[in-house]
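Here's a quick briefing to read with the model open beside you. Take it topic by topic.

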Amino acid sequence: MIKMALTPNVPQYWEMLYEGGKDIWDLGEATPALLDFFKHPSCPETGEVFVPAAGKGWDAGAWAERGHNVVAVDFCSSAFDALERLSASNSNLKALNKDIFLLNSRNLKQFDIIYDYFAFNSVHPGRRDEYVEMWLRMLKDDGFLIGFFCPLSSEKYGECPPYSISGKELEARLKDIFEIKQRIVPKKSAKDRTGKEEIWLLRKVV
């Protein structure tokens with residue numbers, strides 16, 4: 001029997017990283033850059049929030065504690081179990097175990113805000129256009145997409161996620177689809193992320 005290599009497209013891949021202690025994106029707490037962004041004048045005060053590939057939900061929980069109704073999605077068992085436990089203690093947070101590429105406005109409503117951190121960079125580069133299409137499906141026409149892109153770098157893609165993304169590539173993929181309203185360099189970043197991340201505020205081109 002031929003043994004097939006796992007890819008980021010299947011939950012077993014992420015389960016392997018969690019079990020092996022290679023979940024470098026998980027800080028065990030909300031991202032410092034997000035907590036600082038909550039104080040920024042461009043951060044929406046209200047609105048329902050969608051968090052794709054939410055991991056164990058630390059950032060989703062922070063949005064919920066801020067007072068937003070939040071739907072957070074992950075398809076990896078270790079991540080979803082933690083996310084579900086977190087949602088049990090916060091009525092503003094709902095956890096879903098689904099493949100983000102299969103989501104649409106028929107099986108889940110559209111949102112005022114999509115918050116994306118490490119999710120875009122964790123999608124295999126070959127599926128990035130599909131992922132942007134998911135954003136379009138799930139975001140209201142007057143909604144905001146808040147993308148925390150990390151690592152933002154012109155370096156060649158590594159062999160595993162999170163894969164790098166350059167500003168030029170993002171601009172090319174978003175052209176005529178999303179308008180870049182603002183690019184913000186976080187004042188507070190987690191260790192090893194300083195200078196490697198930016199916050200992009202995006203609106204649909206409608």
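Predicted model: local features only at pLDDT ≥ 70, side-chain atom pairs only at ≥ 80, totals over all residues.

**The cavity**
- The count comes to 1 cavity of 30 Å³ or more, and the space inside the largest cavity is about 600 Å³.
- Its lining takes in 39 residues, and nearest the centre you'll find A53, A54, G55, D74 and A119.
- As for elements, α1, α3 (58–65), β4 (111–117) and α5 (119–122) each give two or more residues to that lining.

- The largest pocket comes out at about 240 Å³ in volume.
- It has 14 lining residues, with C150, P151, P162, D192 and K196 closest to the centre.
- Sorted by class, the pocket lining holds 6 nonpolar, 2 polar and 6 charged residues.

**Helix α4**
- Helix α4 covers residues 77–88, 12 residues in total, and runs 16 Å from first C-alpha to last, close to the 16 Å expected at 1.5 Å a residue.
- Buried residues here are A79, F80, A82, L83 and S87. They sit on the same side of α4 because the arc they cover around the axis is only 165°.
- Some background on that spacing: an α-helix has 3.6 residues a turn, so residues three or four places apart point the same way.

**Helix α7**
- G167, E169, L170 and L174 are the buried residues of α7. Their arc around the axis is only 160°, so they share the same side of α7.
- K168 and A172 are exposed on the other side of α7.
- Among the elements covering the buried residues of α7 are α5, α6, β5, β6 (178–184) and β7 (198–204).
- Just after α7, look for D176, which takes a positive phi of about 65°.

**V123, between α5 and α6**
- V123 belongs to the loop between α5 and α6 (128–138).
- Is V123 buried or exposed? V123 counts as buried, because its relative accessibility is 7% and the cut-off for buried is under 20%.
- Setting aside residues up to four places away in sequence, V123 touches F101, R128, Y131 and Y163.
- V123 and A53 are 70 residues apart along the chain, with 9.4 Å between their C-alpha atoms.

**S166 and E155, between β5 and α7**
- S166 lies in the loop between β5 (139–149) and α7 (167–174), and E155 is found in the loop between β5 and α7 too.
- S166 has 18% relative accessibility, so S166 counts as buried.
- What does S166 contact, leaving aside neighbours within four places in sequence? The partners are L152, S153 and S154.
- E155, on the other hand, is exposed, with a relative accessible area of 60%; the cut-off for exposed is over 50%.
- From E155 to I114 the C-alpha separation is 26 Å, and the two are 41 residues apart along the chain.

Terms used
Residues numbered from 1 in each chain as written. Heavy atoms only, no water. 1 Å grid on protein atoms, 1.4 Å probe; cavity = no way out; pocket = protein on both sides within 12 Å on 5 of 7 lines; lining within 4 Å. Points joined across faces, edges and corners; volume = space filled by probe spheres on them. Nonpolar A, V, L, I, M, F, W, Y, C, P; charged D, E, K, R; others polar. Helix = DSSP H or I, 4+ residues; strand = E, 2+ residues; numbered from the N terminus. Expected span 1.5 Å × (residues − 1). Buried < 20%, exposed > 50% of the residue type's maximum accessible area, 1.4 Å probe, protein only. Arc of directions from axis to C-beta. Contact = heavy atoms within 4.5 Å.
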